[in-house]
Amino acid sequence: MTQDEMKKAAAIKALDFVEADSIVGVGTGSTVNHFIDALATIKNTIKGAVSSSEASTQRMREYGIDVFDLNSVDDLSVYVDGADEINEHMHMIKGGGAALTREKIVAAVAKTFVCICDESKQVGVLGDFPLPVEVIPMARSYVARELVKLGGDPVYRQGVVTDNGNVILDVHNMSIVDPKGLEQSINAIVGVVTNGLFAHRAADILVLGTSEGAKVVKY
Ligand code: 5RP
């Protein structure tokens, strides 16, 4: 199986966690695009979705899936999203697609976070993938200096503006042994909107695409 086929297998398996008549939280990225394609096949059984990005919203609307504003939704049973890295504690690095802030908000509302990814995303220690940090544009240089003090090597993601009008710093060379502590420390820097560590709100269920097909992992 190719990496993309593994992503697709995980995405299709994640339909098992979608409840009838519910509003589904939907993430962003190439794995989630497969999930949206799969969700479209059962769109008549759900009320609709809440989206974590303009890109996912557009893809769902093209399929005729109703996309609701999160503010009009009290109850979200499931949020389905990908990850750039995930460890055995279900802590993740996310934000490769620059949608981390909205992803974190929708994940916070959902009762269950179902992470879908291919097996290459499973790691022992987070940090090989550069950690995305969404920053208010005028704070970019200040935040970069503070991230250096935390031991990282921030790189400005040129040409990228988030759906919220902000910029992204990708922090290289961090071996993240304390994901919860680092998530908190980075969030405490003035000018940071969010960082891509999902440790305080980790995944609850991992649906992993492997060469033998999709496997459901719970720790
Ligand atoms: C977007 C994300 C994605 O979930 C993450 O980058 C994984 O993407 P893909 O499914 O394309 O590998 O966090 O901000």
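Two strands count as paired if DSSP finds at least two bridges between them. Strands here are DSSP runs of E with at least two residues, and helices are runs of H or I with at least four, both numbered from the N terminus. With that settled, strand 13 and strand 14 (residues 213-217) are joined by 5 bridges and run antiparallel.

Some housekeeping. This is a predicted model, in which local features need pLDDT of at least 70 and side-chain atom pairs count only at pLDDT 80 or more, while totals for chains, interfaces and linings use all residues. Residues are numbered from 1 along each chain as its sequence is written, and side-chain values use heavy atoms, with hydrogens and water left out.

The overall picture next. The protein chain has 6 helices and 14 strands. Its C-alpha trace spans about 50 × 40 × 30 Å along the principal axes. The radius of gyration, taken over C-alpha atoms, is compared with a globule rule of 2.2 Å times the number of residues to the power 0.38. For 219 residues that rule puts a compact globule near 17 Å, and the protein chain, at 17 Å, agrees. Buried means under 20% relative accessible area, exposed means over 50%, and partly exposed is in between, with a 1.4 Å probe and protein chains only. By that criterion, 54% of the 219 residues are buried.

Back to strand 13. How many of the 6 residues of strand 13 (residues 205-210) are buried? The count is 6 of 6, so the strand is largely enclosed by the rest of the structure. On one side sit I205, V207 and G209, and on the other L206, L208 and T210, all buried. In general, side chains in a regular strand alternate between the two faces of the sheet. Strand 7 (residues 110-118) is joined to strand 13 by 5 bridges, and these two run parallel. D118 has G209 as its bridge partner there. With strand 14, strand 13 forms a hairpin that has 2 residues between the strands, and L206 is bridged to V217.

There is also an open sheet of 3 strands, in the order 5-6-12, with antiparallel pairing. Strand 5 (85-86) and strand 12 (197-198) are at the edges with a single partner strand each, so one side of each has no neighbour in the sheet. Strand 6 (residues 92-93) is held to strand 12 by 2 bridges, and I93 stands opposite L197.

Now the ligand. A residue is near it if one of the residue's heavy atoms lies within 4 Å. The surrounding residues number 17, the closest being S30, T31, D84, G95 and K121. They divide into 3 nonpolar, 8 polar and 6 charged. An N or O atom in the side chain of S30 is 2.5 Å from an oxygen atom of the ligand. For E103, a polar side-chain atom is 3.1 Å from a ligand oxygen atom, and for D81 the corresponding distance is 3.4 Å. Of the 380 Å² of accessible area that the ligand has on its own, the protein covers 92%, by the Shrake-Rupley method with a 1.4 Å probe.

Last, two backbone angles. Most residues other than glycine have a negative phi. A98, in the loop between strand 6 and helix 4 (100-109), has a positive phi of about 70°. A98 is buried at 11% relative accessibility. N173, in the loop between strand 10 (167-172) and helix 6 (179-187), has phi near 60°. N173 is exposed, at 61%.

Technical notes:
Polar contact = N/O pair within 3.5 Å; in protein donor to acceptor, adjacent residues only side chain to side chain. Nonpolar A, V, L, I, M, F, W, Y, C, P; charged D, E, K, R; others polar.
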